[in-house]
Amino acid sequence: MDATTLLHHLACGMHALSGHDSAGPSVPPYPDDTQHALDLVVRECLDHERTPPAGVPELVEWCTDLASERWPYPPAHTGMALVDPVHRTRTRACAELAGVAAIADALMVEALSDLPAAEAAERFRFLRSHVLVGPDTQRELLMKNPKAASVFKFVKALYQPVPAAWVVRGRVGLCECGLPARPDRLTGELVTWCERETCPPGAWVEQRLPAGRALLLHSALRLFVALPSTLDDRVRDGLVATGLPVRTLDLATRRHEVRFPGRAPVSFRCYDRIVASALAIEATADRVDIAVIPDSSTLATPVARRAFADALPPGLPVTLATESELLAGAINDRKDT
Ligand SMILES: [Zn+2]
């Protein structure tokens, strides 16, 4: 089995286990994907005459370091983990490699289907701006924003009880980036760890609620809808400000089209990701010409750009561009060449 295939099965296994929340990794029965990942690793170890992991808890430990010498061969490059070594949460890389973005797209397509454009836009706005809702949210909305209150009724199924990993002293908080955060235990004002993983230490806790009475947006929608939404706003506002015609091709999957002067229109989607190979496969499936990433993205480095290009299927080119590169029109227009 090649390393890429093994990595995908491992990511699916660790992702499935993260949804298995309450019991924790030491309690069988495990989800099928987790058991399957263990079986694959055991077989590879035996084939390579290595000692296999004794069970799922040990496999979880192995997944905190994919470059460790315990593996029969490293499933990924140094520095990548599927399980955070400190917080024991499923990492963003794991979610990306397990294809959770497709789950987010499917949920959004369902949530926005058969709606007039204005109502679909309302629902989308609500979901992206309400990652955490509390017991008073509906009452507050009824007073301040009755329209949003009625939207909440229709999307409530996309909210879930807060997983134990995000509860500190009975409360759940959001980081400045809008994703769940673990606040410091002393004052609860600063973030020690957030779901985005890349926020600088000392980011502020923006919102905090009693965890038992709060609901969190579905984890797939947090990472793949709420997180990239600020980038999406910046890019579209930036293009509009320079007078370029932009139109949304599909709101549920946030695919847009822009027309640079003298060129054929190009489609794009904004992604906030950390695994180049997983993004290449998804951007191809999304059928966009350009995958737009934040200027600060780790995928903007030459090494990551090469990994992205290498993972594209032959004959289906997608351009990887930072937001600044797109705004400057500094992208190759394949349709003209
Ligand atoms: Zn953050």
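Reader: What order do the strands take in the open sheet of four strands, and what is the pairing?

Author: Gladly, and please keep in mind that this is a predicted model. The order is 5-4-3-6, and the pairing is antiparallel. Strand 5 and strand 6 are the edge strands, each pairing on one side only. From one strand to the next, the twist averages 40 degrees.

Reader: What makes strand 4 and strand 5 a pair, and strand 3 and strand 6?

Author: Strand 4 and strand 5 (residues 191–194) have three bridges in the antiparallel sense, with arginine 182 standing opposite tryptophan 193 in strand 5. Strand 3 and strand 6 (residues 205–210) are joined by five bridges and also run antiparallel. In that pair, valine 172 has leucine 209 of strand 6 as its bridge partner. With at least two bridges needed, both count as paired.

Reader: Which way do the residues of strand 4 point, and are they buried or exposed?

Author: Pro180 and Arg182 point one way, Ala181 and Pro183 the other, and all are buried. In a regular strand, side chains alternate between the two faces of the sheet. Strand 3 is mostly covered as well, with four of its five residues buried.

Reader: Why does tryptophan 71 count as buried?

Author: The cut-off is 20 or more other C-beta atoms within 10 Å. Tryptophan 71 has 22 C-beta neighbours inside 10 Å, so it counts as buried. You will find tryptophan 71 in the loop between helix 3 (56–62) and helix 4 (92–97). The C-alpha atoms of tryptophan 71 and cysteine 45 are separated by 7.4 Å, although these residues are 26 apart along the chain.

Reader: Why are strand 8 and strand 12 said to stand at the edges?

Author: They belong to an open sheet of five strands with the order 8-9-10-11-12 and mixed pairing. Strand 8 (246–250) and strand 12 (319–322) each have a single partner strand, so one side of each is left without a neighbour in the sheet. The twist here averages 35 degrees from one strand to the next. Inside this sheet, strand 9 (residues 255–258) and strand 10 (residues 266–270) pair in the antiparallel sense over four bridges. Arginine 255 has arginine 269 in strand 10 as its bridge partner.

Reader: What lies across strand 8, strand 9, strand 10 and strand 11?

Author: That is helix 9 (residues 219–241), which runs at about 145 degrees to strand 10.

Reader: Why is helix 5 called roughly perpendicular to helix 9?

Author: Angles of 65 to 115 degrees count as roughly perpendicular. The axes of helix 5 (residues 100–112) and helix 9 cross at roughly 90 degrees and come within 8 Å. That makes helix 5 roughly perpendicular to helix 9. The residues of this contact divide into 11 nonpolar, no polar and no charged. Among them are Val100, Ile103 and Leu107 in helix 5, and Leu221, Phe224 and Val225 in helix 9.

Reader: Where is confidence lowest and highest in the chain?

Author: The mean pLDDT of the chain is 90, and 96% of its residues reach 70 or more. Confidence is lowest in helix 7 (residues 137–144), at a mean of 79, and highest in strand 11, at 98. Over residues 333–337, pLDDT stays under 50, and the model has nine contacts beyond four places in sequence for them.

Methods
Residues numbered from 1 in each chain as written. Predicted model: local features only at pLDDT ≥ 70, side-chain atom pairs only at ≥ 80, totals over all residues. Buried ≥ 20, exposed ≤ 12 C-beta atoms within 10 Å, placed from the backbone. Helix = DSSP H or I, 4+ residues; strand = E, 2+ residues; numbered from the N terminus. Axes fitted to C-alpha atoms, helices over the stretch in contact; angles between N-to-C directions. Contact = placed C-beta atoms within 7 Å. pLDDT = per-residue confidence, 0-100. Parallel < 35°, antiparallel > 145°, perpendicular 65-115°, else oblique. Nonpolar A, V, L, I, M, F, W, Y, C, P; charged D, E, K, R; others polar.
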